[in-house]
Amino acid sequence: MKYEIKGETLPVAICRLEAGEQMITEGGSMSWMSPNMKMETTSNGGVGKALGRMFAGEKIFQNIYTAEGGPGLIAFASSFPGSIKTFEISPQNELICQKGVFMAGEMGVTMSVFFSKKIGSGLFGGEGFIMQKISGNGIMFGEFDGHVVEYSLAEGQQIIVDTGHLAAMSATCSMDIQTVPGMKNKFLGGEGLFNTVITGPGHVWLQTMPLSNVAGVLRAYMPTGN
């Protein structure tokens, strides 16, 4: 499989498959394709994995696209102004990401639900409680909101992230929740009560325009009902 990513604000991943090659996607991810691409809708792993994807914020069913009778083309366009990143997934390079990041991948890539081990992250982490774990083998395309900033964390090195801006991290990283210090800071600072703390070793991908933040800004301009 060969691919290229075109566009900046609203990018698209265009994939060229050899005969018999397959890709798996979330429902609604396909933007255009050649006529010889065959689609099959599947639970991909049975009821258990399907429900796991649902809890991770994805659709229960996935679509498998196969190039039949010769080379095929399929494209996946961004659904929100942002970025598309590619990841080489392997048992030594698994990924933890926010719900909605998984766009498409080669057939060897699997997506499952990931729960933070620390209950504090679940109760107060907002976006960070239920996440996706990407594993297996192959190329995965991830969709991010806004521009992506990357950091490489050494063993024990930390970065503090506002809720929603953590898009993805290496599975070797750990996540916890830190209370904003000081009563004045908590209630008058406008930054919320909690921050997410990521600890290395591993890589971190941060997104500059979380959809949840955009929705919060727009809500103030929406007309209220009578």
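These legends describe close-up views of aromatic pairs and salt bridges in a predicted model.

**View 1. Tyr 3 pairs with Phe 141.** This is one of three aromatic pairs. Tyr 3 sits in strand E1 and Phe 141 in strand E13, so the contact ties together parts 138 residues apart in sequence. Tyr 3 is partly exposed at 35% relative accessibility. Phe 141 is buried at 0%.

**View 2. Phe 87 pairs with Trp 205.** The geometry is edge-to-face: 5.0 Å between centres, 80° between planes. Phe 87 belongs to strand E8 and Trp 205 to strand E19, so the pair joins parts 118 residues apart in sequence. Both residues are buried. Ring pairs also bring in Phe 144, which forms a cluster with Phe 87 and Trp 205.

**View 3. Arg 16 bridges to Glu 4.** The structure holds three salt bridges. In this one, N and O lie 3.0 Å apart. Arg 16 is in strand E2 and Glu 4 in strand E1, twelve residues apart. Arg 16 is partly exposed at 42%, as is Glu 4 at 28%.

**View 4. Glu 150 bridges to Lys 85.** The closest N and O atoms are 3.9 Å apart. Glu 150 lies in strand E14 and Lys 85 in strand E8, so the bridge ties together parts 65 residues apart in sequence. Glu 150 is partly exposed at 39%. Lys 85 is partly exposed at 27%.

**View 5. Glu 94 bridges to Lys 133.** Their closest N and O atoms are 3.5 Å apart. Glu 94 lies in the loop between E8 and strand E9, and Lys 133 in strand E12, so the linked parts are 39 residues apart in sequence.

Key: Residues are numbered from 1 along each chain as its sequence is written. This is a predicted model: local features need pLDDT of at least 70, side-chain atom pairs count only at pLDDT 80 or more; totals for chains, interfaces and linings use all residues. Side-chain values use heavy atoms; hydrogens and water are left out. Rings of Phe, Tyr and Trp (its six-membered ring) pair if their centres lie within 6.5 Å; planes under 30 degrees apart count as stacked, over 60 as edge-to-face and the rest as tilted. Helices (H or I, at least four residues) and strands (E, at least two) are DSSP runs, numbered from the N terminus. Buried means under 20% relative accessible area, exposed over 50%, partly exposed in between (1.4 Å probe, protein chains only). A salt bridge is a side-chain nitrogen of Lys or Arg within 4 Å of a carboxyl oxygen of Asp or Glu.
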